[in-house]
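Please keep the sequence and the structure in view while reading.

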Amino acid sequence: METEPEDQPDEISESEDAFALGSLDFSGLSPTDFEEFCFDLVSDSGFSNVDWRKGTPLAASPSDRGRDIVASKTLRDIDGHEYQERWFIDCKHYARGVPPDALQGTLAWANADRPAVVLFIASGYLTNGAKDWIAEYERSNRPPFRIRVWEKPQLLRLVEKNLDLAFKHDVGTSTLRRVTEILAAESELMDRLWYGRKPSDEDVATREDLSDELKAGLLASKRRMEEQYGVEELAKDVSSDWTWGYLSGRISAVRWVLGDDWHNLDS
């Protein structure tokens with residue numbers, strides 16, 4: 001009787017102290033971006049010899065021969081013997097459920113090349129039709145490889161263990177902002193800090209240490225800020241010591257998230 005090895009790479013356990021993400025959003029990623037995310041995910045999940053099979057710099061490569069990533073997984077028997085399994089990994093980034101016909105090419109190549117496991121990684125879910133098709137394929141063909149599927153719930157648990165993946169690939173979550181959102185917030189806050197530090201138009205006009213060219217440039221920059229954010233909104237930042245301190249605190253917090261030291265308020 002054949003038994004499954006003890007160290008099963010397709011089993012994803014949940015940690016009691018795992019950071020609880022509500023959801024993942026891959027809508028901002030292109031198919032190639034999603035493949036790159038999967039490459040890093042696999043690399044950080046205990047696999048070795050991870051090879052991204054994208055053979056051209058084009059968004060979609062015809063040379064991956066039915067799989068996007070090939071990787072090895074080291075397993076250990078109960079007697080301590082170690083061996084490696086070869087995995088074919090196909091990344092499916094679909095706005096809707098992955099249909100059955102999107103799986104057939106990969107399994108055809110797997111029948112020819114005989115990996116130990118074929119893994120489909122979906123940014124969302126497989127359709128019920130696709131899941132039924134896989135079950136029927138296994139019953140009818142008894143393939144010489146195992147078929148595994150990682151859908152959004154499995155990806156969620158894996159990303160919980162490595163939140164840097166979400167930041168690196170700009171994957172949206174229900175509890176973390178996208179990096180692009182954080183950078184946009186920093187840009188606006190720094191604009192407002194810069195504006196609040198600048199002298200009034202009357203003071204600019206009387207400054208003798210500034211050339212006419214610098215005065216004109218400074219006033220033009222202030223007008224652009226006022227047009228972008230609104231004069232009344234910008235005035236709120238300097239309406240009291242509390243509002244100015246609140247703005248400074250927000251900037252310090254955002255910059256800390258982005259890797260700066262606390263209290264960095266350079267503008």
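Which residue in β6 is the bridge partner of L119? The partner is R148. What follows places this pair in its surroundings; the model is a predicted one.

**The β5-β6 pairing**

Strands β5 and β6 run parallel and are joined by five bridges, with β5 covering residues 117-122.

The β5-β6 pair belongs to an open sheet of five strands, ordered β2-β3-β4-β5-β6, in which the pairing is mixed. Its edges are β2 (47-52) and β6 (146-150), each of which pairs on one side only. On average, neighbouring strands of the sheet are turned by 25° against each other, direction ignored. In a regular strand, side chains alternate between the two faces of the sheet.

Helix α1, residues 31-43, lies across β2, β3, β4, β5 and β6. Relative to β2, helix α1 runs at about 165°.

| β2 | 47-52 |
| β3 | 69-76 |
| β4 | 82-92 |
| β6 | 146-150 |

**A helix pair**

Which residues of α6 and α10 meet? From α6 the list is I182, E186, L189, M190, R192, L193, G196 and R197. Their counterparts in α10 are W244, L247, S248, R250, I251, V254, R255 and V257. Helix α6 spans residues 179-197 and helix α10 spans residues 241-257. The two pack at an angle of about 145°, and their axes are 10 Å apart. The crossing of α6 past α10 is left-handed.

**The chain overall**

The protein chain contains ten helices and seven strands. It has 267 residues, and 39% of them count as buried. Its accessible surface comes to about 15500 Å², with 49% of that belonging to carbon and sulfur atoms. Taking contacts between residues at least 6 apart in sequence, 65% join residues at least 24 apart.

Definitions and conventions
Residues numbered from 1 in each chain as written. Predicted model: local features only at pLDDT ≥ 70, side-chain atom pairs only at ≥ 80, totals over all residues. Heavy atoms only, no water. Pairing = 2+ DSSP bridges. Helix = DSSP H or I, 4+ residues; strand = E, 2+ residues; numbered from the N terminus. Axes fitted to C-alpha atoms, helices over the stretch in contact; angles between N-to-C directions. Contact = heavy atoms within 4.5 Å. Buried < 20%, exposed > 50% of the residue type's maximum accessible area, 1.4 Å probe, protein only. Areas by Shrake-Rupley, 256 points an atom, 1.4 Å probe, with all protein chains shown as cover. Left-handed = near helix turned anticlockwise from the far one by under 90°.
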